[in-house]
Amino acid sequence: MADEEKTDSGDGAAAAPKKGKLKLIIAAVGFLVIVGAGAGGWFFFMRGHGEEQHAEAPPPKPPSFVDIPDMMVNLVGAPGERVQYLKLKLVLELKEEKQAEAIKPALPRVTDLFQTYMRELRPSDLNGSAGLFRLKEELTKRVNLALAPNQVNAVLFKEVVIQ
């Protein structure tokens with residue numbers, strides 16, 4: 001019996017600290033949840049009600065456009081095939097109006113680059129929207145090389161005719 005009393009008193013002493021630690025952990029977690037909820041509520045609901053002074057961004061400038069003279073080139077075909085032609089009306093999209101004035105003197109060079117590139121195209125190179133997208137990307141790359149340091153945002157098609 002003396003052994004039973006020792007084990008009973010030993011279990012009771014060990015259980016008391018475990019229950020005390022468990023209550024302490026639960027109380028700490030509850031406290032953190034309450035503090036977190038209060039901070040989150042303040043952040044979402046009260047933070048934006050003070051006097052706010054935001055610097056308004058200036059409105060974006062509309063892009064500028066420069067027309068390229070109409071171009072008509074014959075496409076490369078196999079010997080004995082009917083000759084096909086490509087007619088294009090293009091526009092260059094620029095960031096600012098002042099770039100347009102800097103680019104206009106170089107338009108003959110741009111037209112020459114476009115003509116020499118397009119004369120090497122085959123009709124199969126222009127099939128579908130993927131073909132036109134590749135043509136647009138290639139023309140944009142070439143015009144940016146010719147006009148450096150000025151940059152063109154995009155080459156836009158006004159008209160594309162393949163005969």
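**View 1. Gln99, a buried residue in a predicted model.** Gln99 is buried, with a relative accessible area of 16%; buried here means under 20% relative accessible area with a 1.4 Å probe and protein chains only, while exposed means over 50% and partly exposed lies in between. This is a predicted model, where local features need pLDDT of at least 70 and side-chain atom pairs count only at pLDDT 80 or more, but totals for chains, interfaces and linings use all residues. Residues are numbered from 1 along each chain as its sequence is written, and side-chain values use heavy atoms, with hydrogens and water left out. You'll find Gln99 in helix α2, residues 97–103. (Helices are DSSP runs of H or I with at least four residues, strands are runs of E with at least two, and both are numbered from the N terminus.) The Gln99 side chain reaches the backbone nitrogen of Lys95 at 3.2 Å. Setting aside neighbours within four places in sequence, Gln99 is in contact (heavy atoms within 4.5 Å) with Leu94, Asn150 and Gln151.

**View 2. Strand β3 and its partners.** Seven of the ten residues of β3 are buried, so this strand is largely enclosed by the rest of the structure. Two strands count as paired if DSSP finds at least two bridges between them. Strand β1 (residues 64–67) pairs with β3 in the antiparallel sense over four bridges, and Ser64 stands opposite Leu94 in β3. β2 and β3 also run antiparallel, joined by four bridges; look for Met71 opposite Leu88 in β3. Strand β4 (residues 154–162) pairs with β3 over eight bridges, again in the antiparallel sense, with Val91 opposite Leu156 in β4.

**View 3. The largest nonpolar core.** This core has 26 residues. A nonpolar core is a set of buried Ala, Val, Leu, Ile, Met, Phe, Trp, Tyr and Cys residues joined through side-chain atoms within 4.5 Å. The residues with the most contacts inside the core are Leu90, Leu92, Phe114, Met118, Leu135 and Val143. At least two core residues each come from β2 (71–74), β3 (85–94), α2, α3 (107–118) and α4 (128–147). Leu135 touches Leu88, Tyr117, Met118, Leu121, Leu126 and Phe157, if you skip residues up to four places away in sequence.

**View 4. Stepping back to the chain.** Four helices and four strands make up the list of elements in the chain, and along the sequence they follow the pattern α-β-β-β-α-α-α-β. Of the chain's 163 residues, 23% count as buried.

Definitions and conventions. Polar contact = N/O pair within 3.5 Å; in protein donor to acceptor, adjacent residues only side chain to side chain.
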